[in-house]
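Let me put the structure up and walk you through a few spots.

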Amino acid sequence: LSLLLTASLYCMEGDTDLQFLLVGGDLLKVRSSSWKKTRFYKLQEDCQTMWHESKKTFKFNQTFSIKDISVVRAGRQSEGLRKNTEEPVEGRCFSIIFKGRRKNLDLMASSEEEAKQWVTSLEKIMSNMENLNSQQKTEHWIFNCLRKADKNRDNKLSLKELKDFLHQINIEVDDQYAEKLFQECDQSKCGHLAGDEIEHFYSLLTHRQEIDTIYGEYAKTTGFMSAENLLEFLIKEQREEATLADAHRLINKYELDDKAKEKQLMTQDGFLMYLHMPEGLVLNPTHKAVHQDMSQPLNHYFISSSHNTYLMEDQLKGPSSTEAYARALIKGCRCVELDCWDGSDGEPVIYHGYTLTSKILFKDTIKAIKEYAFKTSDYPVILSLENHCSVEQQRVMAQHMSSILGSALLTSPLGDQMPTDFPSPEELKGRFLVKGKRLTKLEACFGPEETAGDDGSLTEEEEDDKEEEEEEKKKATEGKKLKLAKELSDMVIYCKSVHFNGFQDAKDNLGFYEMSSFKERKAMALAEESANSYIHHNVDKLSRIYPAGTRTDSSNYNPVPLWNAGCQIVSLNFQTSCNDMDVNQGRFLTNGKTGYVLKPAYMRDLGSEFDPITLTAGPWLQHKTLHLMIVSAQQLPKVNQKKTSIVDALVKVEIHGVPADTADKETPYIENNGFNPMWNENFKFDVYVPELALVRFVVEDHDSVTDNDFVGQFTVPFTSLQMGYRHVPLLNKEGDPLPSAGLFVHIMIMDA
């Protein structure tokens with residue numbers, strides 16, 4: 001259990017960056033302009049946990065795990081460092097940004113060289129950890145649990161330490177079984193396990209009977225799989241259109257034993273390695289990259305969209321932060337919301353009006369958006385403006401967007417003639433589009449200006465982007481019209497906000513670029529009562545949906561019925577972890593995580609008769625039967641961190657789609673085993689509209705008294721499922737991977 005073993009898992013043995021972190025050093029921790037204190041930081045020997053030491057108390061505190069870091073940013077890029085440090089120390093500063101809601105860690109080194117070393121070293125170890133394959137992650141996790149169980153650090157395991165270890169990895173066993181396992185491994189009969197005995201214990205622990213069975217059925221060449229045997233497995237079980245060359249490629253890629261590889265044989269270890277790799281996962285690996293036609297008009301795509309993007313928590317008193325924009329954009333969000341109000345010193349601010357939420361500067365927000373807009377996806381970002389500013393500060397907004405975003409900001413239609421349709425995401429790569437009010441028709445860009453039909457003002461009654469509750473407050477408080485600055489108006493090109501007066505009015509009187517925003521409740525009613533009309537409306541125009549104003553806790557709504565009606569911009573509170581955000585993440589999991597997913601052909605056709613409610617016959621009706629076996633789970637995390645608490649694991653499978661497809665089923669729970677529970681439970685689902693269906697795998701910890709506790713989940717589009725024996729990676733409630741946890745399933749999809 002030496003450091004050498006852990007380091008070798010990272011392929012960083014002897015690496016100078018790793019050694020730098022293991023030695024550690026003093027850093028200045030910055031919380032405010034007056035709170036800046038020296039802390040000693042170092043990487044623990046497990047190579048995954050950072051500790052800090054207070055110089056005053058000499059008290060050690062475990063601060064964070066490397067796997068909890070989202071990104072390390074060099075310089076004064078965080079709000080805290082920009083606010084609490086001066087520009088001359090730019091090169092000495094860096095920030096550690098965490099996944100989930102944990103606050104940033106702002107730090108300052110003694111020199112620019114040292115700051116660069118910290119950033120480089122942390123990024124390298126993060127990259128190496130990220131690039132570990134599933135088998136390596138499992139080994140790393142188990143060996144770290146072994147290290148923790150080895151209380152006296154003698155690199156040996158006593159019977160008591162072995163029992164503690166089993167609890168850590170989420171297995172409850174009776175004393176008799178633990179003693180039997182211990183005696184079987186204690187070949188030296190000295191009362192503890194060491195060296196090869198620990199390795200033998202590890203082999204017994206990680207042995208998977210289900211893999212034995214599958215491998216044994218196809219390993220017909222002197223106990224191993226030949227390329228021909230593997231090809232038979234790929235065709236018969238995995239239902240792949242594979243060739244012998246594919247089988248040879250997999251052996252060369254994943255076989256661990258060099259002698260077996262020379263003979264073009266696959267051992268059981270190599271076979272398990274393949275099943276943990278992208279080719280063996282539930283998600284079709286060809287769908288991970290951009291695989292859809294990105295040259296269709298913009299409104300022919302579902303677009304990943306955020307509501308109240310500036311909020312980190314609730315919308316009554318929660319903090320606003322530019323960090324919230326960075327996090328949403330890194331998650332692939334392509335439409336962000338900016339709620340703009342007059343600020344002091346002539347600088348507009350962003351916050352949730354008439355509440356106690358904190359304020360951030362508009363210009364800082366635009367800078368953050370520019371910084372992170374295209375790190376995950378190259379495709380266009382829509383800036384949805386909720387404009388409450390005076391004309392003077394609207395001009396400041398326009399100036400900031402122009403100066404900060406530069407040529408990336410779209411300020412005129414593409415081409416030299418008045419367009420009749422949206423440009424495509426491909427044509428708009430790397431560009432920013434502004435959504436908001438506009439004084440004139442878009443045609444004015446190509447001829448004499450045409451007014452909007454009134455005094456160019458922006459009345460509160462026309463603002464369909466606002467919650468009813470807010471409107472009442474604003475009417476009472478303001479009782480007047482808000483004027484619109486021409487400079488800001490002219491930046492609105494393809495996303496002009498207009499009031500919705502019905503589908504027929506929109507068809508007769510609105511241009512393709514004129515779009516409406518719908519309150520959740522109104523949109524749901526239209527999707528249920530007039531779904532086909534809504535689909536036709538969205539063939540020609542864009543629609544944005546936003547949560548009800550009563551959701552003061554920043555909760556979310558189910559986006560699926562709105563996607564079923566062809567709505568493109570279904571905005572959710574990205575800061576809130578919930579089932580609806582899981583489904584949203586699953587919808588945009590494929591196509592390179594670009595934030596754009598092409599709608600089915602029958603939702604891009606003005607003559608379509610598709611109605612997700614009545615579901616009459618048509619090309620959308622492709623009745624499939626999904627046969628699904630939940631075989632087993634591996635290395636589920638403990639939900640309750642108490643030493644004696646063990647997960648009672650169960651699996652739910654949910655189908656999200658049109659009403660006829662919506663269904664869920666669950667396995668029985670396995671008591672006291674979160675390490676390797678096995679079910680072999682079979683489910684059958686009928687799926688009528690597969691192109692709109694999503695499959696969600698959910699693992700829970702059973703509780704007979706209260707609601708079950710969430711353990712992990714994975715949501716995948718039905719059309720991106722791979723058939724056969726597949727591993728399903730699991731994500732935590734924030735949507736980040738659980739390092740070694742997963743399900744093992746068998747999938748068969750047949751024409752009904």
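Predicted model: local features only at pLDDT ≥ 70, side-chain atom pairs only at ≥ 80, totals over all residues.

Residues are numbered from 1 along each chain as its sequence is written, and side-chain values use heavy atoms, with hydrogens and water left out.

So, Asn573. You'll find Asn573 in the loop between strand 21 (569-572) and helix 23 (579-587); helices (H or I, at least four residues) and strands (E, at least two) are DSSP runs, numbered from the N terminus. Is Asn573 buried or exposed? Asn573 counts as buried because its relative accessible area is 0%, and buried means under 20%, exposed over 50%, partly exposed in between (1.4 Å probe, protein chains only). Skipping neighbours within four places in sequence, Asn573 is in contact with His307, Asn308, Pro547, Ser554, Ser555, Asn556 and Met581.

Now Ser188. UniProt, in an unreviewed entry, lists Ser188 under "glycosylation site"; positions there are given in the numbering used here, feature names are shortened, and annotations may be inferred rather than shown by experiment. Ser188 is in the loop between helix 7 (175-185) and helix 8 (196-206). With a relative accessibility of 45%, Ser188 is partly exposed.

How values were computed
Contact = heavy atoms within 4.5 Å.
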